[in-house]
Amino acid sequence: QLQLVESGGGLVQPGGSLRLSCAASEFTVSYYGIGWFLQAPGKEREGVSCISSRGAITNYADSVRGRFTISRDNAKKTVYLQMNSLKPEDTGIYYCAAIRNCGDGLGVRFGSWGQGTQVTVSS
């Protein structure tokens with residue numbers, strides 16, 4: 001079964017950058033779109049970005065468009081989220097999961113959640 005493990009979070013100052021990684025357990029990850037989700041303190045988990053199985057389609061929440069870049073390397077079984085110009089409101093736990101229909105909004109999650117990785121943006 002496909003398992004995803006998030007990593008790369010940490011503490012960063014406003015305006016700084018982080019790169020998150022979503023590492024898959026098997027090459028079948030190449031069959032799936034992958035979405036990144038943020039659970040900010042006191043809020044519901046929301047979609048941030050997604051990428052289709054082949055990487056041809058990417059999509060972003062309005063709040064991060066122009067600052068974040070999603071990419072994937074199926075040979076490495078890894079999906080990345082490059083986060084630039086970070087803001088305090090980007091703070092929270094980031095999760096990745098398999099999704100469908102990345103081109104329709106940010107897609108629909110069908111895979112299970114991993115443990116997430118904490119991102120804290122603070123001075």
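Which residues does Arg67 touch, not counting residues up to four places away in sequence? I opened the notebook with that. The model is predicted.

**Entry 1: Arg67 and its contacts**

I listed the contacts of Arg67. They are Gln82, Met83, Asn84, Ser85, Leu86, Lys87 and Asp90, with residues up to four places away left out. I then placed Arg67 itself: it sits in the loop between E6 and E7. The Arg67 side chain reaches the backbone oxygen of Ser85 at 3.0 Å. It also forms a salt bridge with Asp90, where the closest N and O atoms are 2.8 Å apart. I traced where that pair sits in the chain. Arg67 lies between strand E6 (58-60) and strand E7 (68-73), while Asp90 lies in the loop between strand E8 (78-83) and strand E9 (92-100). The two are 23 residues apart, and the pair links distant parts of the chain.

**Entry 2: buried or exposed?**

I checked accessibility for this pair. Arg67 has a relative accessible area of 11%. That is under 20%, so Arg67 counts as buried. Asp90 is at 4% and is buried as well.

**Entry 3: the other salt bridge**

How many salt bridges does a search of the whole structure find? I got two. Besides the Arg67 pair, I noted one between the side chains of Arg65 and Asp62, at 2.5 Å from N to O. Arg65 is partly exposed, with a relative accessible area of 43%. Asp62 comes out at 65%, which is over 50%, so Asp62 counts as exposed. My summary: Arg67 and Asp90 are buried, whereas Arg65 is partly exposed and Asp62 is exposed. As background, side chains of opposite charge can pair when their charged atoms come close.

**Entry 4: the whole chain**

I stepped back to the fold. I counted 11 strands and zero helices. The C-alpha trace spans about 40 × 25 × 25 Å along its principal axes.

I also looked at contacts and surface. Among contacts with a separation of 6 or more, 57% join residues 24 or more positions apart. Buried residues make up 41% of the 123.

Terms used. Residues are numbered from 1 along each chain as its sequence is written. This is a predicted model: local features need pLDDT of at least 70, side-chain atom pairs count only at pLDDT 80 or more; totals for chains, interfaces and linings use all residues. Side-chain values use heavy atoms; hydrogens and water are left out. A salt bridge is a side-chain nitrogen of Lys or Arg within 4 Å of a carboxyl oxygen of Asp or Glu. Buried means under 20% relative accessible area, exposed over 50%, partly exposed in between (1.4 Å probe, protein chains only). Helices (H or I, at least four residues) and strands (E, at least two) are DSSP runs, numbered from the N terminus. A polar contact is a pair of N or O atoms within 3.5 Å; within protein, one must be able to donate a hydrogen and the other to accept it, and residues adjacent in sequence count only if both atoms are side-chain atoms. Contact means heavy atoms within 4.5 Å.
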